[in-house]
Amino acid sequence: MSAALVAAALTPLALTLSAPAAHAATPARPYDFNGDGRIDLAIGAPGATVSGKAKAGAVSVVYGSTGGLKTATRTLITQNTAGVPGTAEADDAFGTAVASADLNTDGYADLLIGAPGEDVNGDTNDGSAVVIWGAKSGLSGARSVPNPFSTDVDRYGQSLAAGDVEADGDLDIVIGSNGPITLCFVNGPFTRTSSFQGGSGSGFPDPYAQTYGITSLAVGPVTAAWDTNLVVHGRKAGTGEAITHLVTEPRIGNYTDWMQELPAGYVSAIGDIDKDGYADIAIGNEREPSADPAGAKGGKVTVVYGGPAGLDSSRTPLVLTQDTAGVPGASESGDRFGTGVSLGDVNGDGYADLAVGAPGENSGAGSVTVLYGSASGLRTTGVQSFTQNTAGVPGASEPNDRFGARVLLADHSGDRRAELTVSATGENGDGAVWSLRGAPSGVTTGGATSFGPGTTGVSTAGAPGYGTALNS
């Protein structure tokens with residue numbers, strides 16, 4: 001299905017132009033904030049109390065090392081951090097969403113943080129976003145990301161992405177919101193001090209509901225003709241059901257045929273599962289069929305394979321539930337399998353593997369499932385499953401821990417094998433994060449670590465929701 005954009009809803013933002021930033025020889029990978037070749041971890045805690053302000057929000061950044069995540073080297077960022085625009089206020093929800101790219105191409109990745117509850121010029125929940133700059137010593141310095149349509153946007157920053165969506169060689173910032181304008185593009189290049197290069201916004205057409213807006217974004221090279229594509233998630237007007245599209249060419253002036261419909265879900269990840277050179281998409285839908293006809297009992301994940309023309313229509317999408325042969329467990333109402341999804345290479349064989357979170361499993365104790373990629377696609381043999389009761393995993397499974405609320409497969413140690421990072425947003429009422437190492441045999445619990453908000457400087461007052469966001 002193609003969807004049309006109303007031309008009047010896509011309007012360029014006129015900003016002062018400046019000379020393009022100088023390009024580093026090798027821009028850093030996303031989330032490598034200190035340029036050491038290891039992926040660092042950004043942890044959003046949008047419910048965190050800051051200076052007595054409830055739900056002001058915070059982001060903890062833990063840096064990678066040869067031994068994996070090292071909590072001794074960390075950065076805490078709030079709106080009260082020196083140099084960060086704004087002031088921590090109740091209900092700002094700073095840290096609801098994070099994204100990363102080397103925006104100024106200096107060899108250090110930068111961090112984008114959304115605060116969709118920010119009140120701006122008297123407008124409640126207008127929302128805001130900031131960029132925190134990477135450097136050899138880690139993250140420091142910041143500036144606001146402009147909102148092209150402040151009068152037509154609410155909850156600006158509720159979803160974030162960064163990539164060269166205009167295929168002009170410069171990275172762009174993509175920001176989701178709700179209201180008449182639901183998706184904004186802020187054009188690169190970027191520097192710490194130069195003027196922004198302009199922007200645009202779009203009001204997604206029916207059946208997207210303005211009240212929900214763009215709830216989640218994923219970015220990656222899916223179509224061969226376009227360097228960076230977006231997977232866009234929202235909800236249908238009138239029903240609240242999931243709706244998902246692949247944005248193939250968001251150029252200003254192209255108002256038709258720029259979206260391809262995907263299986264409906266609420267989150268997604270992009271990676272090459274079968275190592276054929278074309279990116280694949282894993283889409284999570286945690287809801288029950290009674291709440292969303294596109295859902296499944298206990299939740300599901302749908303894998304759509306890519307090909308030379310983008311989506312490979314010759315291959316039937318793979319639908320995974322806990323009733324799928326080879327997948328541990330059983331589909332039970334409320335499991336929420338598919339709440340979190342991530343693609344990364346755990347065993348170093350070059351095939352992207354899939355981690356799936358089911359935070360509703362066993363009365364909300366939660367679980368995580370890992371499936372492995374191969375030349376024929378995702379395998380349902382050799383599947384691994386983890387809970388806090390798995391030998392070697394710190395802690396113990398308890399109701400409402402929500403282990404698996406977010407999952408991430410990323411190489412924090414630099415050994416070319418992804419660690420499995422898991423958040424449990426209900427752990428001890430505060431939230432916590434686990435890191436399990438990757439190995440040639442798959443995820444291993446040997447040397448597994450866990451830490452909570454207090455370890456990284458986040459207040460445990462109220463319900464901080466530590467781990468609500470992990471590297472996107």
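Start with the aromatic pairs: this predicted model holds three of them. Select phenylalanine 190 and phenylalanine 196 to see one. Their ring centres lie 5.7 Å apart and the planes meet at 65°, so this pair is edge-to-face; the angle has to be over 60 degrees for that label. Phenylalanine 190 has a relative accessible area of 3%, so it counts as buried. Phenylalanine 196 comes in at 11%, and it is buried too.

Next, pick phenylalanine 403 and tryptophan 434. Here the ring centres are 5.2 Å apart with the planes at 80°, so you're looking at an edge-to-face pair. Colour the strands and you'll find phenylalanine 403 in strand E26 (residues 403–410) and tryptophan 434 in strand E28 (residues 432–439), so the pair ties together parts that are 31 residues apart in sequence. Both of these residues are buried.

Now hop over to serine 194. Where does it lie? Look in the loop between strand E10 (183–186) and strand E11 (199–202). Is serine 194 buried or exposed? Its relative accessible area is 15%, and the cut-off for buried is under 20%, so serine 194 is buried.

Last stop: charges over rings. Select lysine 275 together with tyrosine 351, and you'll see the charged end of the lysine over the tyrosine ring, 4.5 Å from the ring's centre. Then go to tyrosine 305, where arginine 315 lies over the face of the ring, 3.8 Å from the ring centre.

Key. Residues numbered from 1 in each chain as written. Predicted model: local features only at pLDDT ≥ 70, side-chain atom pairs only at ≥ 80, totals over all residues. Heavy atoms only, no water. Phe/Tyr/Trp six-rings, centres within 6.5 Å; stacked < 30°, edge-to-face > 60°. Buried < 20%, exposed > 50% of the residue type's maximum accessible area, 1.4 Å probe, protein only. Helix = DSSP H or I, 4+ residues; strand = E, 2+ residues; numbered from the N terminus. Lys NZ or Arg CZ within 6 Å of the ring centre and 35° of its normal.
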